[in-house]
Amino acid sequence: MTPAEQLKEEHQGILLMLKILDKVAAKLAAGEKVEVRHLERIVEFLRVFADKCHHGKEEDLLFPEMEKAGIPKEGGPIGVMLAEHEQGRGFIKGMAEALDRRVKGDPQALPAYGENARTYIALLIQHIDKEDNILFPMGEKVLSQKTQEELVEGLEKIELERIGEGAHEEFQKRLHHLQEVYLD
């Protein structure tokens, strides 16, 4: 498996969470009840799996190697992806802050969760599309086979260091539980 293939596979899990989040945001907008525990798990998945682990792999390993191989960062596709990662972090922070206000008793906080969620969803759907269909194929063209093999090892190492042994599987279980609740 190449680094791009591994990251694209992770994108599939993130896209599934975005579908779940879209349903949750619709329920919140309609004033329907959503379990706070589910809202917390969504934020945790986005913070830890999508951002800390997945984006960390891109930012700390893949993008620097692509830049060394000639794909520009400043004014180029890598810079755009990095800026979008930062934007996404802001929306996740907004969701977490709204959730915190709700847990502390603010009944008006959940609409802010939903608004941040909807903007995040729109950002990440087009972001993943650009990575999968433009940036990753560019990287596969310029990175040597040896570099790609080293990257795969590095991606696995980052995952263990950042989220720990077995955490990926635990996030998958939680993801599929939320899928059963909101999509099936």
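At what angle do α1 and α2 pack, and how far apart are their axes?

## The α1 and α2 pair

In this predicted model, α1 and α2 pack at an angle of about 150 degrees, and their axes lie 11 Å apart. Because angles over 145 degrees count as roughly antiparallel, α1 is roughly antiparallel to α2. The crossing of these two helices, α1 and α2, is left-handed.

On the α1 side, the residues that meet α2 include Leu7, Ile14, Met17, Leu21, Val24 and Leu28, while those contributed by α2 include Leu39, Ile42, Phe45, Phe49 and Leu62. Taken by class, the residues of the contact of α1 with α2 divide into 14 nonpolar, four polar and three charged.

## Val34 in the connecting loop

Val34 is placed in the loop between α1, which spans 3–29, and α2, which spans 36–68. With a relative accessible area of 5%, Val34 is buried, because the cut-off for that term is under 20%. Not counting residues up to four places away in sequence, Val34 touches Val24, Lys27, Leu28, Leu39 and Tyr182.

A separation of 21 Å is found between the C-alpha atoms of Val34 and Gly13, two residues that are 21 residues apart along the chain.

Just after α2 comes Gly70, which takes a positive phi of about 110 degrees.

## The α3 and α4 pair

Helix α3 (residues 77–103) packs against helix α4 (residues 110–142) at an angle of about 160 degrees, with 9 Å between their axes. That angle makes α3 roughly antiparallel to α4, and the crossing of α3 and α4 is left-handed. The residues in the contact of α3 with α4 divide into 17 nonpolar, nine polar and five charged.

## Val103 in α3

Val103, found in helix α3, is exposed, with a relative accessible area of 52%. Leaving aside neighbours within four places in sequence, Val103 is in contact with Val36 and Glu40. The C-alpha atoms of Val103 and Val36 are separated by 7.9 Å, although these residues are 67 residues apart along the chain.

Methods. Residues are numbered from 1 along each chain as its sequence is written. This is a predicted model: local features need pLDDT of at least 70, side-chain atom pairs count only at pLDDT 80 or more; totals for chains, interfaces and linings use all residues. Side-chain values use heavy atoms; hydrogens and water are left out. Helices (H or I, at least four residues) and strands (E, at least two) are DSSP runs, numbered from the N terminus. Buried means under 20% relative accessible area, exposed over 50%, partly exposed in between (1.4 Å probe, protein chains only). Contact means heavy atoms within 4.5 Å. Axes are lines fitted to C-alpha atoms, for helices over the stretch in contact, and angles run from 0 to 180 degrees between N-to-C directions. Angles under 35 degrees count as roughly parallel, over 145 as roughly antiparallel, 65 to 115 as roughly perpendicular and the rest as oblique. A crossing is left-handed if the near helix is turned anticlockwise from the far one by less than a right angle, and right-handed if clockwise. Ala, Val, Leu, Ile, Met, Phe, Trp, Tyr, Cys and Pro count as nonpolar, Asp, Glu, Lys and Arg as charged, and the others, Gly among them, as polar.
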